Amino acid sequence: MTKRIFRSVCIAAIGIFLASTAVMMVVLYEYFSDMQMNRLRLQTELAAQGTANEGIDYFTDLDAGLYRITWVGPDGSVLYETGSDSTSMDSHLEREEIRQALEYGYGESIRYSDTLTKRLFYAAKKLPDGSVLRLADMQYTVWVLFWGIMDKILIVAALAVGFSLALALRLSKSIVKPLNNLNLDEPAVNTVYPEIRPLLGRISSQQKQLQQQAGQLRQALELRREFTANVSHELKSPLHSISGYAELLKEGIVKQEDIPQFSERIYSEAQRMITLVEDIISLSHLDEGGEDFQRKTVDLYALTESVVQRLQPEARAAKINLSFKGCGAELYGVPQLLGGIIFNLCDNAIKYNHENGDVRVEITDDKNHILLTVTDTGIGIPEEYQERIFERFYRVDKSHSKEVGGTGLGLSIVKHAARFHNAGIELSSTPGIGTTVTVRFPKM
């Protein structure tokens, strides 16, 4: 960038110098031409007075090296011509400056001379006897003037080029130095050039976004590692159980009357694995956006009633009173995901409850939302754990979780399925008293 600025400043300076020189030459040419013509007028007046006083004798000792002098009679005949034979010359009566002098007493013109093959200034003065004295001076061209002052132009050019190079070098360094010293770690605090503030602001914004994305990526990687570790742990337990029971059966160590019990344990652990894999697949599907889910109008009341009836045997086995009430409410959503929300909330309310406890499920309709509320009289959740219970595989009481079973993914599925339907989740829980979870669905 320094070289580019240096080169640009040099080119601009040289261009300005050349343009200035051209303009100056034109101005000087006009100035010297005017001076030359004024001098010619003065010399013509002086020569006219001398000729009027002395006649032809005036030209005898006259040094006419600077000017061409022509004396023309009233009839246009040439009486005298510097350096030429006047008797052989044509009549000058038609010359423009001669005609002006005969008519007005003075005349002048600028034209090309066939005799001298040069461009000349002409000035003519009428004498008292009716004759005309004319002086001519060669008009210098621009190039003649240029070559006449070439030495001075070269000196000025050398000085201008040297000054331009020094200025360009210093200017380019002074422009680039603040840019090289920019603190790109904190671009927003730089106030060097107002013109680059939008760029620095954008860099700062992008840095913040990259930092946020890096933080999110680290968090996602940490969650992935934790998720992988949890999946491995959750799969190992039933696999070890299945492997152990199957080995005992294979070796014939199990008594005949104990075989149904062992088979039941193998089946139970296999079902646990199937449920875990299905939950993992559901979560992965939701993480990917679930674009292939088919939405349709769902009667949330009828769907909830069906899920509650399906869970009644489990509630009776746990000695839990499971009840449901509400009103008809239609949603535009995915029945499979909505059913998963209802099932997991009710299943957790039953599993983490006291004997002879209650689980109440209710569907209500307010002005802008449809509310699904599941209330239990169970063990409750301490306040410090309430923000984390929707994380994958997170359990408040791990020992109790082993007793009641489950994959640890139920509430995470609830969270993702609710987000898929743009629904919010509200949790209220008191240890030893119970928990209330409300899912607030926006209306169609």
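In which helix is Ile14 found? Ile14 lies in helix H1 of this predicted model.

View 1. Two or more of the patch residues come from helix H1 (2-54), and two or more from helix H4 (150-180). Ile14 has a relative accessibility of 40%, so this residue counts as partly exposed, a class that lies between buried, under 20%, and exposed, over 50%.

**View 2. The largest nonpolar core has 39 residues.** Ile341, Leu345, Leu372 and Phe441 are the residues that touch the most other members. Helices H7 (300-317), H8 (335-351) and H10 (410-420) each give two or more residues to this core, as do strands S9 (358-365), S10 (369-376) and S12 (434-442). H8 supplies the largest share, 8 residues.

**View 3. Leu372 and its contacts are shown close up.** Leaving aside residues up to four places away in sequence, Leu372 touches Ile341, Ile342 and Leu345, and also Val437, Thr438, Val439 and Phe441. Thr304, Val361, Glu362 and Ile363 complete the list of its contacts.

**View 4. Strands S1 and S2 form a hairpin.** Strand S1 (residues 68-72) and strand S2 (residues 78-81) run antiparallel and are joined by 3 bridges. Thr70 has Glu81 in S2 as its bridge partner. Between the strands of the hairpin there are 5 residues, and Gly76 takes a positive phi near 95°.

Definitions and conventions
Residues numbered from 1 in each chain as written. Predicted model: local features only at pLDDT ≥ 70, side-chain atom pairs only at ≥ 80, totals over all residues. Heavy atoms only, no water. Core = buried A, V, L, I, M, F, W, Y, C linked by side-chain atoms within 4.5 Å. Buried < 20%, exposed > 50% of the residue type's maximum accessible area, 1.4 Å probe, protein only. Helix = DSSP H or I, 4+ residues; strand = E, 2+ residues; numbered from the N terminus. Contact = heavy atoms within 4.5 Å. Pairing = 2+ DSSP bridges.
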